[in-house]
Amino acid sequence: MSLENLLTDEKEQASIRERAKRILESLEVEASSESRVFLNADDHQYGDHEKKKDHSYKSWIRGTDQHPDSDYTPSPRCKFFDQHGFLFIKAFATHQEILDMKQQMQSLVDQQWHPDSDSSSSSSSTDKQQRKHKLTAFRTDEKQIENQGSDDYFLQSANKVHFFAEPHAMTTSQTLKEIYKHDKIKALNKAGHGMHLQPGPFHTYSTSDKISSLTKELGWEDPVIPQSMYIFKPPGIGGQVTSHQDSTFLYTTPKQSCLGLWLALDDATITNGCLWVRPGSHREPTRVKFARNPKHFGASIEERSHVPRGDPSESQMVFIDEEKEKIGPKGNDVDIDIDVDWVGKIPQLTGCETAWDSLFAAGFVPVECKAGDLVVFPGELDHLSLANVSECQRHTFQLHLVEGDRAGVTWADTNWLQYPKGAPFLSIK
């Protein structure tokens with residue numbers, strides 16, 4: 001039975017949820033007796049454990065280095081995060097925050113995305129170029145380089161809000177299908193990557209005390225926000241996001257420091273494409289790097305410029321296999337070295353009776369969310385989401401943080417995302 005059929009089978013759904021529940025409960029048992037994965041947003045971060053000092057504590061972001069605050073003790077949810085590589089926080093965002101974000105996004109789509117515009121009607125060459133790229137698909141499959149890796153509209157979205165359609169919402173001639181022309185938002189895959197810079201609800205949430213406090217609690221010293229994304233996952237056509245690590249796209253040196261904050265704006269379920277995480281995989285190395293192609297950019301890479309100084313016919317981006325000993329430097333402490341053959345794919349292991357069995361056998365577990373729940377995970381955690389085969393949308397707002405210069409961490413000049421010269425990332429310290 002295919003994944004699509006399994007997703008719509010109620011008996012199979014119940015079986016999946018029961019298996020996931022057992023796995024998540026076992027992770028709680030494995031964590032310290034003080035740690036719980038399912039915490040309410042207003043739970044006190046600390047408790048009796050404040051009296052206990054563990055100077056050999058192993059943090060994902062700090063490694064075994066001593067915390068600069070000599071009185072620092074990891075909270076229960078920090079311990080769970082560092083041990084298993086993710087954290088689930090209930091009711092992190094309020095109902096009003098969710099409504100405000102959705103309303104702002106609807107306004108941005110209505111006012112700024114015009115996929116049916118005719119570029120020939122514009123007298124401005126700049127406007128023609130912008131309109132030409134209004135209908136761009138976003139993919140995570142084998143055509144990822146062909147799409148995102150060869151598109152100025154994607155490359156120039158770093159500190160702006162650009163819109164990317166679902167491939168199935170487009171005709172073979174790369175126009176929007178008629179069914180979506182009067183409800184454009186249902187054709188979208190994502191918007192990115194500068195919502196956090198827009199005045200309004202996205203910026204307010206991104207710079208809120210609860211975001212700052214959470215990142216500090218988990219051990220980040222100088223958190224800055226390079227990017228934010230609004231993912232739409234529309235009913236019926238919302239595509240799968242294949243297995244990946246965020247550090248592949250958000251690479252820092254001398255250590256990886258990406259932190260993802262995945263906020264559910266709708267209920268996220270196994271049928272509409274909830275997040276699947278692979279607990280413990282955050283201790284594995286970053287396997288591939290999505291990097292600017294030196295053949296295309298040449299000297300522009302060191303200058304962090306979008307202007308090609310190489311061969312413009314070459315792809316803008318390439319995937320680079322990295323040597324494992326160079327990926328997990330001090331601070332990330334790579335503990336696990338396993339062969340993973342599903343990078344950029346959905347795991348399909350031999351000997352498994354169903355597609356679900358293959359996902360579980362590979363170590364993945366679904367994390368269903370209610371609107372307002374938050375899933376937090378470091379950049380080396382292996383995660384994915386399946387297609388939305390339901391009649392319900394699955395909107396999410398996602399922040400990606402990294403350590404800034406004051407923490408001794410540098411944003412890689414080979415990353416696709418580069419702000420205009422002199423423009424800093426938004427600090428939330």
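This tour moves through the structure from strands to cores to aromatic rings, naming at each stop what to select.

The model is predicted: local features require pLDDT of at least 70, side-chain atom pairs count only at pLDDT 80 or more, and totals for chains, interfaces and linings use all residues. Residues are numbered from 1 along each chain as its sequence is written, and side-chain values rest on heavy atoms, with hydrogens and water left out.

Begin by selecting strand β13, residues 374-378. Helices (H or I, at least four residues) and strands (E, at least two) are DSSP runs, numbered from the N terminus. Five of the five residues in β13 are buried, where buried means under 20% relative accessible area, exposed over 50%, and partly exposed in between (1.4 Å probe, protein chains only). In a regular strand the side chains alternate between the two faces of the sheet. Here Leu374, Val376 and Pro378 lie on one side and Val375 and Phe377 on the other, and both faces are covered.

Phenylalanine 88 stands opposite valine 375. The bridge partner of glycine 260 in β13 is phenylalanine 377.

**Strand β5 and its partners**

Move to β5, residues 223-231. Nine of its nine residues are buried.

- Strand β4 (residues 188-193) runs antiparallel to β5, with four bridges between them; lysine 190 has isoleucine 231 as its bridge partner in β5.
- Strand β15 (residues 396-403) pairs with β5 over seven bridges, in the antiparallel sense; valine 224 stands opposite valine 402 in β15.
- Strand β17 (residues 426-427) is joined to β5 by two bridges and runs antiparallel; isoleucine 225 has leucine 426 as its bridge partner in β17.

**An open sheet of four strands**

Select β6, β14, β9 and β12, which in that order form an open sheet with antiparallel pairing. β6 (241-244) and β12 (365-367) each have a single partner strand and stand at the edges, so one side of each is left without a neighbour in the sheet. From one strand to the next, the twist averages 25°. Between β6 and strand β14 (residues 383-385) there are two bridges, and valine 241 has serine 385 as its bridge partner.

Now show helix α2 (residues 10-30), which lies across β9 (275-277) and β12 and runs at about 95° to β12. For this angle, axes are lines fitted to C-alpha atoms, for helices over the stretch in contact, and angles run from 0 to 180 degrees between N-to-C directions. Contact means heavy atoms within 4.5 Å.

**The nonpolar cores**

A nonpolar core is a set of buried Ala, Val, Leu, Ile, Met, Phe, Trp, Tyr and Cys residues joined through side-chain atoms within 4.5 Å. The largest core has 68 residues, of which Met105, Phe163 and Val376 touch the most other members. Its largest share, five residues, comes from α4. Select methionine 105: leaving aside neighbours within four places in sequence, it is in contact with Phe163, Ala191, Met195, Phe202, Tyr230 and Phe232. A second, separate core of 31 residues includes Phe88, Trp262, Ile270 and Cys274.

**Aromatic rings**

The structure holds 20 aromatic pairs. Rings of Phe, Tyr and Trp (its six-membered ring) pair if their centres lie within 6.5 Å; planes under 30 degrees apart count as stacked, over 60 as edge-to-face and the rest as tilted. Select phenylalanine 81 and tryptophan 220, an edge-to-face pair at 6.2 Å centre to centre with 70° between the planes. Phenylalanine 81 lies in helix α3 and tryptophan 220 in the loop between α9 and β5, so the pair ties together parts that are 139 residues apart in sequence. Phenylalanine 81 is buried at 0% relative accessibility, and tryptophan 220 is buried at 3%.

Ring pairs also link Phe92, Phe202, Tyr205, Tyr230, Phe232 and Phe397 into a cluster.

Finish with arginine 278, whose charged end sits over the ring of phenylalanine 364, 5.8 Å from its centre. A charge sits over a ring if NZ of Lys or CZ of Arg is within 6 Å of the ring centre and within 35 degrees of the ring normal.

Key
Pairing = 2+ DSSP bridges.
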